[in-house]
Amino acid sequence: MTVSLYIPGVSSTPKDQPGRQQGAYPLDMWYVAAHSKELADTPVGRTLLNEPVVLFRLGNGEVAAVEDRCCHRHLPLSAGTVEATGIRCGYHGLLFDENGQCTEIPGQEKIPRKAKVGAYHVRERNQLVWIWFGTERDSEPTCEPPEYKVHDDPSFVFDGDVYHYNAPYQLIHDNLLDLSHLGYVHLRTIGGNASIHMNAKLTVESDDTSVLVVRHMPNSEPPPTYKAAYPFKDRIDRWQEVRFLPSHQEIWTGAIDHGTDDITNPNRGGFHMRGFHGLTPETSTSCHYFWTMATNPTQNIEEIKKKVVDQTAMTFDEDKVVIEAQYENMKRFAGEPMIDIHVDVGPNRARRIIEQLKQENLPVT
Amino acid sequence: MTVSLYIPGVSSTPKDQPGRQQGAYPLDMWYVAAHSKELADTPVGRTLLNEPVVLFRLGNGEVAAVEDRCCHRHLPLSAGTVEATGIRCGYHGLLFDENGQCTEIPGQEKIPRKAKVGAYHVRERNQLVWIWFGTERDSEPTCEPPEYKVHDDPSFVFDGDVYHYNAPYQLIHDNLLDLSHLGYVHLRTIGGNASIHMNAKLTVESDDTSVLVVRHMPNSEPPPTYKAAYPFKDRIDRWQEVRFLPSHQEIWTGAIDHGTDDITNPNRGGFHMRGFHGLTPETSTSCHYFWTMATNPTQNIEEIKKKVVDQTAMTFDEDKVVIEAQYENMKRFAGEPMIDIHVDVGPNRARRIIEQLKQENLPVT
Amino acid sequence: MTVSLYIPGVSSTPKDQPGRQQGAYPLDMWYVAAHSKELADTPVGRTLLNEPVVLFRLGNGEVAAVEDRCCHRHLPLSAGTVEATGIRCGYHGLLFDENGQCTEIPGQEKIPRKAKVGAYHVRERNQLVWIWFGTERDSEPTCEPPEYKVHDDPSFVFDGDVYHYNAPYQLIHDNLLDLSHLGYVHLRTIGGNASIHMNAKLTVESDDTSVLVVRHMPNSEPPPTYKAAYPFKDRIDRWQEVRFLPSHQEIWTGAIDHGTDDITNPNRGGFHMRGFHGLTPETSTSCHYFWTMATNPTQNIEEIKKKVVDQTAMTFDEDKVVIEAQYENMKRFAGEPMIDIHVDVGPNRARRIIEQLKQENLPVT
């Protein structure tokens with residue numbers, strides 16, 4: 001009894017590919033879909049890897065994600081309401097459970113077998129909601145999502161946000177892996193002296209799926225934010241550690257009183273700022289940036305947390321302006337070569353990892 | 001002496017089709033072009049069925065419509081001024097009459113024969129301005145525009161507006177023919193109990209050019225709007241009648257005191273809300289929605305009219321949000337099937353009528 | 001060591017044409033790039049003839065222009081900062097001199113030979129900054145930019161602005177060469193009686209690269225602006241002289257007391273308004289309009305200058321609305337012919353000159 005009548009702008013040709021577009025993004029992996037705090041009483045509609053998804057929290061506290069459309073007349077389910085057992089469409093009230101199955105059609109007893117939409121595997125871990133994108137739409141996860149213990153560490157407090165970028169996610173990965181831009185982009189916030197950032201010695205290590213960039217600044221002057229947040233005695237030994245993974249980066253910075261410990265000691269004390277940076281493509285030309293900043297103040301905890309998070313947001317606002325302008329200009333100057341400089345070692349390794357993962361997802365032909 | 005010099009973005013190739021694009025819309029019929037009240041001292045520029053039209057009222061009170069361009073340098077005539085005998089271009093003052101003929105070129109005695117633009121057949125009837133779209137640009141009307149006596153019935157007062165939709169007009173026809181969405185979309189206004197709307201029995205009749213959907217709710221509780229507008233004694237017998245025509249819908253709802261009359265009696269008394277819904281494509285992906293709401297208060301007439309019209313506007317605002325979101329999502333999920341449910345009988349018949357009319361307009365090849 | 005990794009939306013294919021797009025604009029000529037006053041402490045990013053350019057002023061006062069991209073990661077250099085010896089990128093601090101050569105990469109000793117961007121020939125003359133567009137990217141200028149002595153004439157004061165138009169520059173040339181539109185477009189400002197403008201006798205002269213349109217209005221009533229700005233005794237002899245050149249127009253208007261001089265005398269006295277109108281394509285469908293208005297008040301100099309410039313800005317605002325609406329409508333009615341009228345003699349000659357210059361720039365095949 002389905003009537004398929006032409007609507008302009010809407011192809012009536014069924015999609016012929018059963019799986020996903022191969023080669024556009026690394027697949028068979030978990031991406032960040034949301035902060036846990038985003039999923040409360042209302043649904044969250046978000047396009048991830050080019051697929052419109054609605055995320056919601058069931059009455060039992062579990063998170064769920066299905067295609068963001070009602071199977072009846074294609075209203076986004078994210079325009080509907082969350083109930084204990086699923087999400088209800090805001091047009092004619094169809095109810096869908098966490099498997100995308102329609103479980104109620106108001107005014108109609110029989111529910112057609114085909115009344116369902118696609119569902120996604122989602123997991124909540126350490127205050128983050130992860131979503132699985134396999135090479136096929138129905139691929140089962142082959143691993144658990146990444147752990148990020150900082151969010152559940154009682155000695156840390158954190159907060160964060162999600163930013164939308166009109167730029168491919170690789171450009172943000174580039175930016176985060178290259179701390180040398182601090183001296184030029186973040187003049188007004190955490191930048192400080194440009195030549196210190198440009199000349200600090202750094203080490204870069206990598207394997208098939210990660211890159212680690214480490215920079216040490218021993219016996220240096222504590223910057224104002226550090227002084228305000230922690231009772232340093234005098235000069236400090238600082239570290240900056242950037243760890244790239246295909247789904248996110250962990251940027252851990254901090255300092256101890258000069259000479260009081262080995263700063264490569266995992267249990268080092270002192271003042272810490274630990275950033276989480278989840279990067280999930282929205283489309284091939286835009287992305288979502290899920291970030292948190294955690295710190296370990298010993299006094300004025302809420303005040304220091306707020307200050308650290310607010311300053312972080314300010315610097316990310318500055319990065320957004322730069323990166324979106326960069327991408328617009330890359331399109332204007334498409335075809336012109338890019339010259340590499342010394343700071344590009346880390347970013348280029350990360351790019352090769354992403355390219356390699358894309359290739360691996362390609363079907364062997 | 002015409003100089004035809006290339007301007008970027010502007011094709012210099014004359015249009016090769018003498019008539020209209022066949023098959024995109026039902027043709028050889030009248031569409032609503034404006035409310036009468038819109039045509040006062042200033043011109044109204046409006047794209048109808050993909051053709052930019054300027055509507056204006058002559059000094060003798062007649063309405064007129066011509067192509068919305070000056071034949072000289074193509075400024076929209078709707079940017080000009082209305083005079084007693086026509087419309088004057090706002091660039092160099094050329095004057096055009098209701099037939100699209102240029103009747104004055106300031107500073108020049110001779111008016112070239114070719115100085116004219118296309119004209120449209122328009123008729124004003126019952127406070128609505130109708131425009132004829134034939135299969136050919138110069139087709140003569142073969143009938144009079146539809147009558148809508150409610151606008152001239154002294155026992156009714158009405159008001160209305162024109163809404164612009166970024167969605168094809170068929171989606172609004174769907175929406176109006178299906179009153180069951182009231183319980184979900186219009187929760188905050190006229191919705192009331194969703195299950196009443198979903199479970200009310202309805203009858204659907206149709207012929208080659210119309211669909212009639214009728215719903216009766218005998219012996220029911222009057223909703224707040226009804227109580228405020230009319231001195232009902234207790235329980236009521238309600239009706240909802242939706243009449244679809246390719247150019248517009250008439251939605252008449254109302255109630256009488258329970259058991260006091262046959263509610264199928266055309267001269268039934270009681271409280272009435274009579275909606276007119278003119279739907280005219282702007283392009284294949286957008287449309288104009290000309291609506292009015294009439295009612296028959298016996299006291300506090302202006303106050304009740306204002307209340308009824310304001311509440312109607314609120315519900316239409318809610319529909320606009322839903323329908324535009326639906327269309328955007330239909331494009332995102334193009335190719336995915338739609339599942340029909342029980343409420344789709346009326347809308348689907350209307351869709352078949354529009355499709356049939358489009359086919360009939362196609363030239364036989 | 002360059003890593004060329006795919007970024008969506010950004011072609012990795014090098015541009016194959018070494019020169020410029022031929023035939024789109026007249027080449028081998030100077031265009032206005034900026035007012036002198038625009039180039040102070042901050043860079044000006046501006047697309048000219050489809051090429052993104054950054055303009056800046058060096059420490060020695062010279063003006064410079066290079067491609068608006070850093071050769072490293074393509075951030076627009078216009079998002080950076082101006083220094084004494086060049087412009088510094090706002091991302092990683094690369095410094096570029098007036099020849100587009102990178103002269104500093106912070107944190108790196110060796111500067112790669114390829115670390116450079118394209119540079120432009122620019123000249124500052126009479127408070128205007130001109131840029132050379134040759135048929136090839138590296139063509140040397142074959143002449144000096146146009147002179148406009150009014151800006152350096154001590155008996156004149158002037159001011160101006162740059163407007164951005166979403167319309168091809170030829171439409172503004174058309175508008176300026178045709179003063180008859182004053183009576184319809186500028187009703188509220190300098191328009192006055194429409195029939196005077198439409199019926200005034202005019203002479204049109206032209207050669208291969210210029211058009212001169214002259215209109216005299218002897219023994220006429222001084223308009224209010226004239227009366228307020230100059231102590232006329234009674235009736236006046238007025239002139240309007242429009243001189244078109246491919247890069248700009250000079251529109252000189254003014255009046256003397258009736259019968260006191262020959263108004264074709266180059267040294268005539270009286271009241272003068274001298275407009276400069278630099279028109280530079282941004283793209284084939286948009287342009288920059290650099291205008292100034294100069295006058296020669298003998299008293300209340302600043303006050304009269306301000307009044308004259310403000311009124312000029314108001315009339316140009318009116319023209320912008322008309323011309324952008326005209327262009328949008330030209331696209332909607334592409335293919336429909338345009339009828340010429342008596343006012344089109346000057347504009348049509350200018351169009352032929354631009355077309356002829358485009359043809360001449362085309363490579364002989």
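These are my notebook entries on a few things I looked up in this structure.

**Entry 1: what I'm looking at.** I'm working with a predicted model, so I keep in mind that local features here need a pLDDT of at least 70.

**Entry 2: domains of chain A.** I began with the domain assignment of chain A. It gives domain 1 at 29-133 and domain 2 at 149-361. Next I checked how far apart they sit: the C-alpha centres of domain 1 and domain 2 of chain A are 33 Å apart.

**Entry 3: where the two domains touch.** How many residues of each domain of chain A are in contact? I found 13 residues of domain 1 in contact with 15 residues of domain 2. Then I looked at which elements on the domain 1 side give two or more residues, and got β1 (29-35) and β2 (44-48) of chain A. β1(A) gives the most to that side, with five residues. Sorted by class, the domain 1 side has seven nonpolar residues, five polar and one charged.

**Entry 4: chain B against chain C.** I moved on to the contact between these two chains. Chain B puts in 32 residues and chain C puts in 34 residues. On the chain B side I noted 17 nonpolar, eleven polar and four charged residues.

How values were computed. Residues are numbered from 1 along each chain as its sequence is written. Chains are lettered from A and ligands numbered from 1 in the order in which they are written. This is a predicted model: local features need pLDDT of at least 70, side-chain atom pairs count only at pLDDT 80 or more; totals for chains, interfaces and linings use all residues. Two residues are in contact if their C-beta atoms, placed from the backbone, lie within 7 Å. Ala, Val, Leu, Ile, Met, Phe, Trp, Tyr, Cys and Pro count as nonpolar, Asp, Glu, Lys and Arg as charged, and the others, Gly among them, as polar. Domain bounds come from an automatic or database domain assignment. Helices (H or I, at least four residues) and strands (E, at least two) are DSSP runs, numbered from the N terminus.
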